[in-house]
Amino acid sequence: MADSGSRSTALLTDHYELTMLQAALRSGAAHRRSVFELFPRRLPEGRRYGVVAGVGRALDALEAFRFDEPTLAALRDVVDASTLEWLASYRFSGDVWGYAEGEAYFPYSPLLIVESSFAEAVLLETLLLSIYNHDSAIASAASRMTLAAGDRPCIEMGSRRTHEEAAVAAARAAYVAGFAATSNLAARHRYGVPSTGTSAHSFTLLHDTEADAFRAQVTALGEGTTLLVDTYDVTEAVRLAVEVTGPGLGAVRLDSGDLAVQAAEVRTQLDSLGATGTRIIVTSDLDEHAIAALAAAPVDGYGVGTELVTGSGHPTCGFVYKLVARESDAGELESVAKRSVDKPSVGGRKYALRRRSATGVAEAEVVGVGHRPVDDGDDRPLLVPLVRAGEVVGREPLPAARERHLSARAELPVAVQQMSRGEPVIPTIQE
């Protein structure tokens with residue numbers, strides 16, 4: 001069936017969310033006050049911390065979660081008429097608290113608390129999980145990459161290696177975690193992520209000679225451009241690049257071979273030709289480990305594609321969305337929990353803070369179950385209001401999330417800098 005053209009996000013969900021709703025409406029339990037929690041049971045294997053991303057996108061999606069006429073028409077053979085009638089007037093009217101975008105997270109961090117009726121909250125499960133699991137996986141990988149890169153900038157360039165819409169979200173998440181720019185123009189347009197780009201090998205192959213290609217690019221883009229120098233012979237290309245442009249050439253890009261060795265050779269050649277200010281950018285299937293291995297090489301920046309948009313081996317975070325409390329027959333909020341083997345949940349409304357030493361170094365993730373943990377004066381609360389009585393109150397500019405991430409990562413113990421596999425850098429304590 002062709003796309004109806006609806007801008008609603010309400011169909012970005014699973015069939016069983018709607019059938020649960022129908023059954024709950026019929027039993028009368030749909031309107032019970034309920035608390036859902038989105039959380040990770042563990043970090044991806046070997047990771048020492050995770051990064052929360054997608055908060056802003058989730059808030060946008062929540063505002064668009066409406067059952068308009070085209071959406072209702074698509075559901076007529078999914079649920080009954082009375083459920084469709086209820087959906088027609090759906091508006092989320094509850095409260096949402098969560099970790100702010102860019103924040104670090106650990107096992108059992110209560111990343112999102114959704115409080116409303118069961119009917120209103122259960123419908124959001126798939127939408128919230130799909131956004132948080134994807135964006136946080138990308139941001140977590142990106143954070144390790146920018147940590148390994150240090151002061152050298154990283155550029156996101158993975159659009160051709162993933163779904164077209166995932167590419168836009170990935171560029172946004174990477175920017176939150178410290179990437180300097182993206183190649184994706186939709187991310188620039190929608191979210192204000194800086195974009196950059198010059199040319200690919202096809203541009204060189206189009207021209208009769210490599211020198212012709214370089215002249216055309218410099219004429220169009222100026223001598224500050226970046227010339228791709230590994231289409232044929234790197235040494236000859238570097239010589240031609242400086243000959244065509246002069247010593248003011250902005251940068252050269254290496255996209256193949258032993259990058260550390262080539263970067264050293266190119267740096268020596270550039271310096272000998274007087275192009276001492278020309279930067280060296282490297283690409284070619286980089287991940288955080290490859291970036292760390294290039295720390296001693298004369299490299300000035302990294303372009304990262306496939307490994308970034310696939311989460312560097314961990315394309316999802318394993319977040320789950322569970323009912324942790326619901327209204328009893330007496331009208332009181334009572335804890336509920338899943339007790340299945342290997343997939344338990346901890347019942348009760350959660351509160352969280354980052355326990356820090358007197359010098360500001362994170363020591364533990366403290367999660368209060370049913371109560372607020374005691375703040376010893378150096379601790380930092382983690383849950384912030386995102387939605388109040390159905391109205392979004394937690395939207396913020398993307399640079400704020402970016403700044404928050406750098407600050408949150410900086411307060412973690414020094415072990416966070418290790419790229420090797422290990423346990424989370426701080427423990428999670430449930431009180």
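Trainee: Which residues belong to domain 1 and domain 2?

Mentor: Domain 1 covers 4-123 + 318-430, and domain 2 covers 140-313; the bounds come from an automatic or database domain assignment. The C-alpha centres of domain 1 and domain 2 lie 37 Å apart.

Trainee: What should I know about the numbering and the model itself?

Mentor: Residues are numbered from 1 along each chain as its sequence is written, and side-chain values use heavy atoms, with hydrogens and water left out. The model is predicted, so local features need pLDDT of at least 70 and side-chain atom pairs count only at pLDDT 80 or more, while totals for chains, interfaces and linings use all residues.

Trainee: How many helices and strands does the protein chain have?

Mentor: The protein chain has 15 helices and 19 strands. These are DSSP runs, numbered from the N terminus: helices are H or I with at least four residues, and strands are E with at least two.

Trainee: How do the axes of α2 and α6 cross?

Mentor: The axes of helix α2 (residues 55-63) and helix α6 (residues 125-149) come within 9 Å and cross at roughly 160 degrees. Axes are lines fitted to C-alpha atoms, for helices over the stretch in contact, with angles from 0 to 180 degrees between N-to-C directions. That angle makes α2 roughly antiparallel to α6, a term for angles over 145 degrees.

Trainee: Which residues meet there?

Mentor: Val55, Arg57, Ala58, Ala61 and Leu62 in α2 meet Leu127, Leu128, Ile131, Tyr132 and Asp135 in α6.

Trainee: Changing topic, is Arg41 buried or exposed?

Mentor: Arg41 counts as buried because its relative accessibility is 11%; buried means under 20% relative accessible area and exposed over 50%, with partly exposed in between (1.4 Å probe, protein chains only). Arg41 sits in the loop between β1 (33-40) and β2 (50-51).

Trainee: What does Arg41 touch?

Mentor: Leaving aside residues up to four places away in sequence, Arg41 touches Pro107, Tyr108, Val320, Lys322, Lys338, Asp342, Lys343 and Pro344.

Trainee: And where is Leu72?

Mentor: Leu72 lies in helix α3 (residues 69-74) and counts as buried at 8% relative accessibility. Beyond residues up to four places away in sequence, Leu72 touches Phe67, Leu84, Leu87 and Ala88.

Technical notes:
Contact means heavy atoms within 4.5 Å. Angles under 35 degrees count as roughly parallel, over 145 as roughly antiparallel, 65 to 115 as roughly perpendicular and the rest as oblique.
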